[in-house]
Protein chains: 2
Amino acid sequence: MRYSKEHKAETHERIVKQASVRLRERGAHGIGVADLMKEVGLTHGGFYAHFDSREALVIEAFNYAMDRGNERWRKIAEDTPPEKRLAALVDSYLTTTHRDDPGRGCAVPSLGAEIARESPKTRKAFAAKLERMIDMIAGQILDVPPRTARKQAMATLATMMGTVVMARIAGNGEFSDEILAAGRDAVLSRAAAKPAVKKARPKAH
Amino acid sequence: MRYSKEHKAETHERIVKQASVRLRERGAHGIGVADLMKEVGLTHGGFYAHFDSREALVIEAFNYAMDRGNERWRKIAEDTPPEKRLAALVDSYLTTTHRDDPGRGCAVPSLGAEIARESPKTRKAFAAKLERMIDMIAGQILDVPPRTARKQAMATLATMMGTVVMARIAGNGEFSDEILAAGRDAVLSRAAAKPAVKKARPKAH
DNA sequence: CTCATTGGATGTTTCCAGTCATATAATAAC
DNA sequence: GTTATTATATGACTGGAAACATCCAATGAG
């Protein structure tokens with residue numbers, strides 16, 4: 001082996017990471033191999049030493065983005081007492097920061113619709129990650145009986161993701177902020193209504 | 001005038017309609033001028049007699065799709081007694097049919113994320129239509145006091161749209177159906193919980 | 001010294017928005 | 001009813017952008 005053992009792995013990851021950012025920012029067809037490699041500080045000749053094809057990269061990048069999201073949620077669950085976890089999650093998800101920086105945010109609101117149109121292989125990989133997200137919410141975030149947890153997790157995710165999609169359409173002004181606030185209230189009040197947990201009424205900003 | 005008076009207007013609308021279907025099916029860059037015109041039974045030379053540019057068409061097609069959606073909702077409101085309107089809406093929106101046929105469905109779950117990346121002009125046109133949808137839900141569909149209607153309308157839409165996005169990622173199997181069902185329950189139970197003055201029945205877990 | 005990795009250059013293909021001279025078809029004028 | 005008029009449609013053409021993929025000389029780690 002020339003170059004250190006980890007060198008290639010590191011380069012590989014840098015490419016995947018940058019791709020995942022660009023894809024979330026610009027969509028599934030929003031960046032080409034050449035530009036991407038340039039952004040990573042390489043030239044695009046070496047690309048095919050790392051990936052069989054562009055699609056292989058895209059799948060990896062999707063997975064990477066989803067994994068980072070799940071990782072983030074896991075940390076929230078870890079660092080927060082059970083009854084406050086949902087509020088903590090919503091506070092990190094339904095923010096202007098997340099809305100305005102899709103590149104570092106959740107992949108579903110940015111790429112969901114496009115994923116649904118990709119090849120079955122790509123779509124299924126994404127669906128598996130989505131199911132992991134649901135499990136995570138149901139098991140680690142929501143403070144409700146397991147009986148209803150899965151269903152409620154799905155609805156919670158749907159509301160959060162739909163809110164981000166709508167807020168991004170609305171831009172970044174007052175109207176958009178209003179949408180974010182409505183989503184927050186909806187998620188938290190639904191949770192408050194179901195178990196005996198109380199309040200958590202965030203002030204709209 | 002040669003050709004009948006309405007001829008051009010009709011052709012124009014056929015183009016817009018077909019474009020709106022294809023865009024929802026394949027995404028904002030999913031079809032080119034030439035293919036589109038062919039699908040309408042024309043050649044692509046004449047395109048620029050109808051539209052200044054491709055973008056102008058895209059904006060019209062977006063508007064068309066949104067208008068059709070609003071129209072559909074208006075009819076539901078018209079044909080249904082107030083207390084059943086939301087259920088009727090959800091029953092038409094969160095169906096496998098809608099999930100599996102984006103081309104004829106709501107434009108937000110199919111195009112929302114891509115719209116958010118388009119030019120400000122395009123995005124703002126879409127945002128205006130989104131606001132109309134919210135007004136429609138708040139004023140004609142929800143059976144709640146005006147005070148909270150707008151906020152609740154936003155949340156209701158977010159949940160419905162997010163549910164469709166997730167369900168499409170999940171494909172069309174059992175998992176996907178489960179997501180649809182969860183979305184339905186969430187929208188309807190929230191509506192049932194709110195008008196009742198306070199938090200009804202806190203059932204301890 | 002050796003050779004895997006890198007990166008600059010290049011090939012080739014595909015595709016697409018937009019233009020224009022020409023042909024066609026329907027109405028208005030006579 | 002015939003002709004003149006003109007809006008609409010045709011289809012080939014353009015110029016260029018962008019994309020994926022491959023090759024090979026140079027590099028630098030071991």
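Q: What is meant by buried area?

A: Buried area is the accessible area that two parts lose on being put together, summed over both. The size of an interface is often given in this way, as the accessible area lost when the parts come together. In this predicted model, chain B and chain A bury about 3,900 Å² between them, and 67% of that area lies on carbon and sulfur atoms.

Q: How many residues does each chain bring to the contact?

A: Chain B gives 46 residues and chain A gives 48 residues. Of the interface residues of chain B, 93% are also interface residues in chain A, so the copies meet through the same surface.

Q: What rotation superposes chain B on chain A?

A: A rotation of 180 degrees, with 0.1 Å of shift along its axis, places chain B on chain A with an RMSD of 0.2 Å. The two copies are thus related as by a two-fold rotation axis.

Q: Where in chain A do Lys129(A) and Asp67(A) lie?

A: These two residues form a salt bridge whose closest N and O atoms are 2.7 Å apart. Lys129(A) belongs to helix 7 (residues 120-141) of chain A and Asp67(A) to helix 3 (residues 54-79) of chain A; the pair, 62 residues apart, links distant parts of the chain.

Q: What secondary structure does chain A have?

A: Chain A has nine helices and zero strands. Its C-alpha atoms fill a box of roughly 60 × 35 × 30 Å, taken along the principal axes.

Q: At what angle do helix 6 and helix 8 of chain A pack?

A: Helix 6 (residues 107-115) of chain A and helix 8 (residues 146-169) of chain A pack at about 85 degrees, with their axes 8 Å apart. Angles of 65 to 115 degrees count as roughly perpendicular, and helix 6 of chain A and helix 8 of chain A are therefore roughly perpendicular to each other.

Q: Which residues meet where helix 6 of chain A contacts helix 8 of chain A?

A: Val108(A), Pro109(A) and Ser110(A) in helix 6 of chain A meet Met161(A), Val164(A), Val165(A) and Arg168(A) in helix 8 of chain A. By type, the residues of this contact are five nonpolar, one polar and one charged.

Terms used
Residues are numbered from 1 along each chain as its sequence is written. Chains are lettered from A and ligands numbered from 1 in the order in which they are written. This is a predicted model: local features need pLDDT of at least 70, side-chain atom pairs count only at pLDDT 80 or more; totals for chains, interfaces and linings use all residues. Side-chain values use heavy atoms; hydrogens and water are left out. Axes are lines fitted to C-alpha atoms, for helices over the stretch in contact, and angles run from 0 to 180 degrees between N-to-C directions. Helices (H or I, at least four residues) and strands (E, at least two) are DSSP runs, numbered from the N terminus. Angles under 35 degrees count as roughly parallel, over 145 as roughly antiparallel, 65 to 115 as roughly perpendicular and the rest as oblique. Contact means heavy atoms within 4.5 Å. Ala, Val, Leu, Ile, Met, Phe, Trp, Tyr, Cys and Pro count as nonpolar, Asp, Glu, Lys and Arg as charged, and the others, Gly among them, as polar. Copies are superposed by least squares on the C-alpha atoms of residues with pLDDT of at least 70 in both. Buried area is the accessible area (1.4 Å probe) that two parts lose on being put together, summed over both. A salt bridge is a side-chain nitrogen of Lys or Arg within 4 Å of a carboxyl oxygen of Asp or Glu.
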